[in-house]
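Visitor: I would like to learn how to read a model feature by feature. Where do we begin?

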Amino acid sequence: WLGSPPAHDFETRLFEMCLTASITNGPGTISAQGAKLAASAGNEPNTAMMATLGSIGSVHGGNGKDAARFLIRIFGETGLTDPYDRKGAPDLDKLAQTYVADYARRKSEAKDAGVDIERVPCLGHPVFNQEAVNYDPRERAISRYLEEQDLYNVFLDFYHRLTRELMNQAVTTKVHAVNVDAVLACVCLGFAWPLLVEKKLTVDRAVDLPFVTFALGRVAGGAAEYLDHRESGTDMDMRVPVSECKALTRPRD
């Protein structure tokens, strides 16, 4: 994917952890349902894996691309060369404070104009969102590995400072979780950044890396859902009778 071998041995382990983090978050998630529907219809494993891939997109799985674009925009003018060098990192608190102050201003203007403002990519999760300070356990596993190995990733450090600064400046009422798509973007951008600086990698490729990482991990999870469903389920058992279906549309008025 990079066109060259990993620059550091630990990057291989990080990538494996990203694949594991992407495998599944339960049989009820959209991509898992794709595989289970294919199994219920009597398809072969490869079709169920294709159904998994066909059930991910910009909303489910693609937020990592937005996070990569966001980070490239934030760090593009900082002179950063080594994303693993803690001592050489730019002033992350200042970067976060500057961004949040601008974001708060734009959010206020958007509210006055009655229009929506773009969300900060990959902050918050509908499940891991009940505490004053929230964490995605998949992100935590990768962060703990970095801490245990005395490793550093400037992008992940920035993301955590950013979510705290959003609460500090009263843009949010809690510290939102840095979700799994964000950590995929941070890890993949760690691989890609030196190549971007040396112009050996395009921005488009760097932005796609988190999404293809998620897709590769998730298609393995789709295969697992297929195998489980064929053993434990029955043909056509994913069909929902019309009488049990509910409309999820907004009221017409």
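**Pockets, rings and a helix face**

Guide: Begin with the open space. This is a predicted model, and its largest pocket has a volume of about 600 Å³.

Visitor: Which residues lie closest to the centre of the largest pocket?

Guide: Val59, Asn63, Pro126, Asn179 and Asp181 do, out of 24 lining residues.

Visitor: Which helices each supply at least two residues of that lining?

Guide: Helix 4 (63–75), helix 8 and helix 9 do.

Visitor: How much space lies in the second largest pocket?

Guide: About 330 Å³. Its lining has 21 residues, and the closest to the centre are Arg140, Ser143, Glu147, Asp157 and His160. Helix 6 and helix 7 (154–168) are the elements that give two or more residues to this lining.

Visitor: Which helix gives the most to the lining of the second largest pocket?

Guide: Helix 7, with five residues. By class, the lining of the second largest pocket holds nine nonpolar, six polar and six charged residues.

Visitor: On to aromatic rings. What describes a pair of them?

Guide: Two values: the distance of the centres and the angle of the planes. In this model the count comes to nine aromatic pairs. Take Phe75 and Phe158. Their centres are 5.4 Å apart, with 85° between the planes. Planes over 60 degrees apart count as edge-to-face, and that is the class of this pair.

Visitor: Where in the chain do Phe75 and Phe158 sit?

Guide: Phe75 is in helix 4 and Phe158 in helix 7. They are 83 residues apart, so the pair links distant parts of the chain.

Visitor: Are Phe75 and Phe158 buried or exposed?

Guide: Check the relative accessible area; under 20% means buried. Phe75 is at 0% and therefore counts as buried. Phe158 is buried too, with a value of 0%.

Visitor: Why does the pair of Phe155 and Trp193 count as tilted?

Guide: Look at the angle. The ring centres lie 5.4 Å apart and the planes stand at 55°, so the pair is tilted. Phe155 belongs to helix 7 and Trp193 to helix 8, so the pair ties together parts 38 residues apart in sequence. Both Phe155 and Trp193 are buried.

Visitor: Which residues do ring pairs link into a cluster?

Guide: Phe70, Phe75, Tyr99, Tyr103, Phe155, Phe158, Tyr159 and Trp193.

Visitor: Now a helix. Which residues of helix 1 are buried?

Guide: Helix 1 covers residues 9–22, and its buried residues are Phe10, Glu11, Leu14, Met17, Cys18, Ala21 and Ser22. Now look down the axis. Those buried residues fall within an arc of 135°, so they line one face of the helix. The face turned away from the buried side carries the exposed residues Asp9 and Thr20.

Visitor: What covers the buried residues of helix 1?

Guide: The cover includes helix 6 (137–148), helix 8 (180–197) and helix 9 (203–232).

Visitor: Let us end with a single residue. Where is the place of Ala32?

Guide: Ala32 is in helix 2, residues 30–40. Its relative accessible area is 3%, so Ala32 is buried.

Visitor: What is Ala32 in contact with, leaving aside its neighbours within four places in sequence?

Guide: Gly26, Pro27 and Glu225. Then compare sequence with space. Ala32 and Glu44 are twelve residues apart in sequence, and their C-alpha atoms are 15 Å apart.

Key:
Residues numbered from 1 in each chain as written. Predicted model: local features only at pLDDT ≥ 70, side-chain atom pairs only at ≥ 80, totals over all residues. Heavy atoms only, no water. Buried < 20%, exposed > 50% of the residue type's maximum accessible area, 1.4 Å probe, protein only. Helix = DSSP H or I, 4+ residues; strand = E, 2+ residues; numbered from the N terminus. Arc of directions from axis to C-beta. Contact = heavy atoms within 4.5 Å. 1 Å grid on protein atoms, 1.4 Å probe; cavity = no way out; pocket = protein on both sides within 12 Å on 5 of 7 lines; lining within 4 Å. Points joined across faces, edges and corners; volume = space filled by probe spheres on them. Nonpolar A, V, L, I, M, F, W, Y, C, P; charged D, E, K, R; others polar. Phe/Tyr/Trp six-rings, centres within 6.5 Å; stacked < 30°, edge-to-face > 60°.
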